[in-house]
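Work through these exercises with the model open. Try each task before you read its solution.

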Amino acid sequence: MDFMLSDADRVLISQVREFGETYFDEASVAQWRRDMGLPDEVVKAFVDLDFNGFGVIHRRNHVHYDMLAQVLVLEELSRVSGATLPFQNDFLQLQILEAFASPAQTDPIRLEYQNTGRLAFAFAVSEPNAGSDTMGMKTHVRTVDGQLVLNGEKMFVNNGEYAPALLVAAIDDDEPTEGKHPALSMWMIPRTAAGVEAVPENKIGQEMLPFAHIQFNNVVLEESWRLTGPATGFSQLLGFFEYGRVFACATALGEAQAAMDDAVKWARERMAFGTPVSNFQQVQEMLTDMEVKLTNMRHLVYKAAWEFDHGVHERLTVAMMKRYVPRAATEVASDAMQILGGRGYTTHERISSIWQDCRGFQIAEGTDQIMVYIAAPLIMRKYAEGVN
């Protein structure tokens, strides 16, 4: 298994870096964090780019989405900006839409995204009492007096206050349970529909991803809002969560690398007791351990992407990646903050924001503990089968 990047991959990274350095200076990023989003001209410039044949979310003329290309784009953008950007969610949600919606439902949304850089919907799936246990969702649709009615609530809906529509996952009470999974239905609901209420979720970190809590109170649905694509059930939806974990880890990796870049620069330039602090053994040890973690993080993220692209996807790889990478990224950011000393604990430097972003990835897309719950049985099975 060769994780050496090709010449085309390196050109892709170079092009992304050039784009990032054009737009993501530290003052602008700090302002966009306060604004809770990117300006129109930046998102439009992003979708207008053709990164080495990389068209919006896949390389042009490829028969499948190139996971490694998406990872490289997200990693480099996060490294240059030192921030969690909305593009990782755009990548994931467009692919979910394509799977669960028909082409007639998908094409107008994709066209608008290409024309504006703004995704016309927010994906609503997490619930207060379900979280990572998606099959424990309570939001449901049922026929009442001849009308389809939606009730329930969703939380952590990125851009849920502002997107024109909500892509809602709900239990379909009108359909029988198939096997161990209840019937799942997916709906594209106008945010202004009667009975839909969105309020902001206050959180720390990842400020450019504003969250909302959504209530659905006897929302009368139109049948045309139901998504009618090839994917229909929980098994397909859960499969896309694996994509989300790779994208989250690619972003955490990029931000951790940004923290490392800042720490090395500071250690090289900061003088203490007549010498650069990079000459202190304790700082050298911290930098070495940080580089080890970055190397391990990158290996796991690229390995997961490689498996997707070669049709040998393993849930264990993704679970181990998600277990390790966000936590290691948080540790790298914390050590970088320590190297910068008091300066690192202020808002004058981006390190503290990077730390908050990385810490959030230990919860998002499945917590550290859920990854153990997923990985441990797979590890037991692997060794029971004598697989090295």
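The exercises below concern a predicted model.

**Exercise 1.** Determine how the radius of gyration of the protein chain compares with that of a compact globule.

*Solution.* Start with the length: the chain has 388 residues. For the extents, turn to the C-alpha trace: along its principal axes it spans about 80 × 55 × 40 Å.

**Exercise 2.** State what share of the residues is buried, and describe the accessible surface.

*Solution.* Buried means under 20% relative accessible area. By that cut-off, 53% of the 388 residues are buried. Next, the surface: its accessible area is about 18000 Å². Carbon and sulfur atoms hold 52% of that area.

**Exercise 3.** Find the largest nonpolar core and the helix that gives the most to it.

*Solution.* First list the secondary structure: the chain has 11 helices and 11 strands. The largest nonpolar core has 98 residues. Phe 24, Phe 87, Phe 100 and Met 186 have the most contacts inside it. Helix 7, residues 234–269, gives the most to this core, with 17 residues. Apart from this core lies another, of 20 residues, including Leu 150 and Leu 221.

Key
Residues are numbered from 1 along each chain as its sequence is written. This is a predicted model: local features need pLDDT of at least 70, side-chain atom pairs count only at pLDDT 80 or more; totals for chains, interfaces and linings use all residues. Side-chain values use heavy atoms; hydrogens and water are left out. A nonpolar core is a set of buried Ala, Val, Leu, Ile, Met, Phe, Trp, Tyr and Cys residues joined through side-chain atoms within 4.5 Å. Buried means under 20% relative accessible area, exposed over 50%, partly exposed in between (1.4 Å probe, protein chains only). Helices (H or I, at least four residues) and strands (E, at least two) are DSSP runs, numbered from the N terminus. The radius of gyration is taken over C-alpha atoms; the globule rule is 2.2 Å times the number of residues to the power 0.38. Accessible areas come from the Shrake-Rupley method with a 1.4 Å probe; for residues, only the protein chains shown count as cover.
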